[in-house]
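Subject: Structure handover and notes

Hello,

Here is the structure for your files, with my notes below it. Please read the cut-offs along with the findings.

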Amino acid sequence: CLDQGVSKEALEAFDLALKTAPQRAKCHQTIAGLYRKRRLWDLAESHYEMAMGEVAVYPQALLGMAVLCRQKGDQFQYMEMVDRLRRLETDDRDILTEIGICDLAEGRYEAAISAFEKALQRNPDDVYLHTNLALACQHLGRIDEAIKHNLKALSIKDDSLEALINLGHIY
C-alpha cells in the first residue's frame with residue numbers, strides 16, 4: 001500500500017506496530033514520511049523527532065526532517081537540519097543531494113557542485129543530480145559543463161523536463 005500512495009491502512013498498521021514496540025525508531029521514521037507525503041507537517045515532525053533519538057536511524061531521520069522543513073517552508077529550521085547533516089560527514093547519496101539542494105538555493109554554487117559530484121559517484125545515472133549539477137555550473141558560467149550534464153540527463157531520461165528547461169535557458 002506504500003507504493004500506491006499514503007493510505008489510512010498503512011498508517012494504522014504502523015501505529016499498531018508502535019503500540020507493540022514503542023521505541024521502534026524505524027517505524028517512527030516511516031510514519032513521519034507517510035505523514036509528510038500527506039502534508040501533515042506537525043505529525044510528521046513529531047515522528048521524525050522520535051526517530052532522531054535512535055542512533056541507528058538518526059541520519060535518515062535527520063534527512064527526513066530536513067526535507068520536511070524545506071517542503072513546509074520553514075527556512076530557519078531547514079538550515080539548522082542541513083547544518084546537522086553536514087556535520088555527519090557522510091557519503092550517503094540522499095544526504096549529499098539535500099546538502100547540494102540547500103547550497104544551490106543559498107547561492108553557494110561551488111559547494112553545491114561538490115555535493116552533487118560526490119552524490120553522483122554513488123549513483124552516476126541520477127537525472128535529478130545531473131540537472132541540479134548543471135544548474136550550479138550554469139550559475140558559475142561553466143556553460144560547457146552545464147550542457148554536458150544536461151545532455152547526460154537527457155541520455156538517461158530523454159524527456160527530462162528539467163534538463164530541457166536548463167538547456168533552453170543556456171541556448
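A salt bridge here is a side-chain nitrogen of Lys or Arg within 4 Å of a carboxyl oxygen of Asp or Glu. This is a predicted model, so local features need pLDDT of at least 70 and side-chain atom pairs count only at pLDDT 80 or more, while totals for chains, interfaces and linings use all residues. Residues are numbered from 1 along each chain as its sequence is written, and side-chain values use heavy atoms, with hydrogens and water left out.

Salt bridges

The salt-bridge count comes to 10. One of them joins the side chains of D103 and R86, at 2.8 Å from N to O. D103 lies in helix α6 (residues 93-105) and R86 in helix α5, so this pair ties together parts that are 17 residues apart in sequence. Helices are DSSP runs of H or I with at least four residues, numbered from the N terminus.

R86 also meets D83 in a salt bridge, at 3.6 Å from N to O. Both D83 and R86 belong to α5 (residues 75-87) and sit 3 residues apart, about one turn of the helix. For accessibility, buried means under 20% relative accessible area, exposed means over 50%, and partly exposed is in between, with a 1.4 Å probe and protein chains only. On that scale D103 is buried at 1%, whereas D83 is partly exposed at 34% and R86 is partly exposed at 29%. D83, R86, D103 and R108 are linked in a network of salt bridges.

Another salt bridge pairs R142 with E145, at 3.9 Å from N to O. R142 is partly exposed, with a relative accessible area of 24%, and E145 is partly exposed at 31%.

The R36 side chain does make a polar contact with the side chain of Q71, at 3.0 Å. A polar contact is a pair of N or O atoms within 3.5 Å; within protein, one must be able to donate a hydrogen and the other to accept it, and residues adjacent in sequence count only if both atoms are side-chain atoms. Not counting residues up to four places away in sequence, R36 touches W41, A44, Y48, G64, V67, L68 and Q71, where contact means heavy atoms within 4.5 Å.

R36 is placed in helix α2 (residues 25-37). Of the 13 residues in α2, 10 are buried, among them H28, Y35 and R36. From first C-alpha to last, α2 reaches 19 Å, close to the 18 Å expected at 1.5 Å a residue; the expected span is 1.5 Å times one less than the number of residues. After α2 comes R39, with a positive phi near 65 degrees.

Cysteines and S160

There are 0 disulfides, a disulfide being a pair of cysteine sulfur atoms within 2.5 Å. The sulfur of C69 is 11 Å from the closest cysteine sulfur, in C102, which is too far for a bond. C69 is buried at 0% relative accessible area, and C102 is buried at 1%.

S160 lies in the loop between α9 (143-156) and α10 (161-170). S160 is buried, at 0% relative accessibility. Leaving aside neighbours within four places in sequence, S160 is in contact with V127, T131 and L154.

Regards

Note on methods
Helix = DSSP H or I, 4+ residues; strand = E, 2+ residues; numbered from the N terminus.
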